[in-house]
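Q: Could you take me through one part of this model in detail? I'd like to hear how it is put together and what packs against it.

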Amino acid sequence: MLSQDGRMTITELASRVGLSNTPCHVRFRRLVRDGFIQGFRAVVDPSRMGLHHVAFTEVKLSTTSDEALKAFNPAVRSIPEIEACHMTAGRFDYLLKVRTEDIARYRLVLGERISSLPHVADTSTSVVLEVVKENRGAPS
């Protein structure tokens, strides 16, 4: 319930789960303490922020040695346009979700930042035409 509405009060949460406030609050604090709840944030609409372009970039490294991964991982975190980075098994090594203002900005980020990351051998891009479903923590 909290993943859908993080601003819900303990009283409302207790009512929905059938507990009184005190045990609900104790359980809530335990979920935070034990890392089940990692934090709270505002979910913003990227298009309202001028970020209309989304691309998924497949990245193939020249090697997947421990040294290469230790160089690539922190470097990819330094690029703010990269919204998500997942190491994968298959025909490429990483899948990046890149959000920019437009295709021109994406081309610049790809050419100057992503392609020059440590050990990048090849990239392939798929451009998002329409978002059909995306769970970003906002109510559906």
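What follows is a walk through the sheet and its surroundings, with a stop at the helices before it.

A: First, some housekeeping: this is a predicted model, so local features need pLDDT of at least 70 and side-chain atom pairs count only at pLDDT 80 or more, while totals for chains, interfaces and linings use all residues. Residues are numbered from 1 along each chain as its sequence is written, and side-chain values use heavy atoms, with hydrogens and water left out.

Now the sheet. It is open, with 4 strands in the order β2-β3-β1-β4 and antiparallel pairing. Helices (H or I, at least four residues) and strands (E, at least two) are DSSP runs numbered from the N terminus, and two strands pair if DSSP finds at least two bridges between them. At the edges you'll find β2 (82-87) and β4 (120-127), each pairing on one side only. From one strand to the next the twist averages 20 degrees; axes here are lines fitted to C-alpha atoms, for helices over the stretch in contact, and angles run from 0 to 180 degrees between N-to-C directions.

Let's go across it pair by pair. β2 and β3 run antiparallel and are joined by 5 bridges, with Ile82 standing opposite Val98 of β3. Their hairpin has 6 residues between the strands, and in it Gly90 takes a positive phi near 145 degrees. Next come β1 and β3, antiparallel again, with 7 bridges between them. Here Thr57 has Leu96 as its bridge partner in β3, and Glu58 faces Leu95 of β3. On to β1 and β4, an antiparallel pairing over 7 bridges, in which Lys60 is partnered by Asp122 of β4.

How covered is β1? Mostly: 7 of its 9 residues are buried, where buried means under 20% relative accessible area, exposed over 50% and partly exposed in between (1.4 Å probe, protein chains only). Leaving aside neighbours within four places in sequence, Val59 is in contact (heavy atoms within 4.5 Å) with Phe72, Phe92, Asp93, Tyr94, Leu96, Ile114, Val120, Asp122 and Thr123.

Two of those partners deserve a look. Asp93 sits in the loop between β2 and β3, and Asp93 counts as buried because its relative accessibility is 10%. With residues up to four places away set aside, Asp93 touches Val59, Lys60, Leu61, Thr64, His86, Met87 and Thr88. Thr123 belongs to strand β4 and is partly exposed, at a relative accessible area of 24%. By the sequence rule of up to four places, the residues Thr123 touches are Thr57, Glu58, Val59, Leu110 and Ile114.

What lies over the sheet? Helix α4 goes across β1, β2, β3 and β4, at about 135 degrees to β3. Val59 turns up again in the largest nonpolar core, of 18 residues, where Val59, Phe72, Leu96, Ile114 and Leu117 have the most contacts inside it. β1 (53-61), α3 (66-77), β3 (94-100) and α4 (103-114) each supply at least two residues of this core. A nonpolar core, by the way, is a set of buried Ala, Val, Leu, Ile, Met, Phe, Trp, Tyr and Cys residues joined through side-chain atoms within 4.5 Å.

Apart from that core lies another one, of 7 residues, including Leu2, Leu13, Ala14 and Ile37. The axes of α1 (residues 10-17) and α2 come within 9 Å and cross at roughly 100 degrees. Ile10, Thr11, Leu13, Ala14 and Val17 make the contact from α1, and Asn21, Cys24, His25 and Phe28 make it from α2. Cys24 is buried, with a relative accessible area of 4%. After α2 comes Gly35, whose phi is positive, near 85 degrees.
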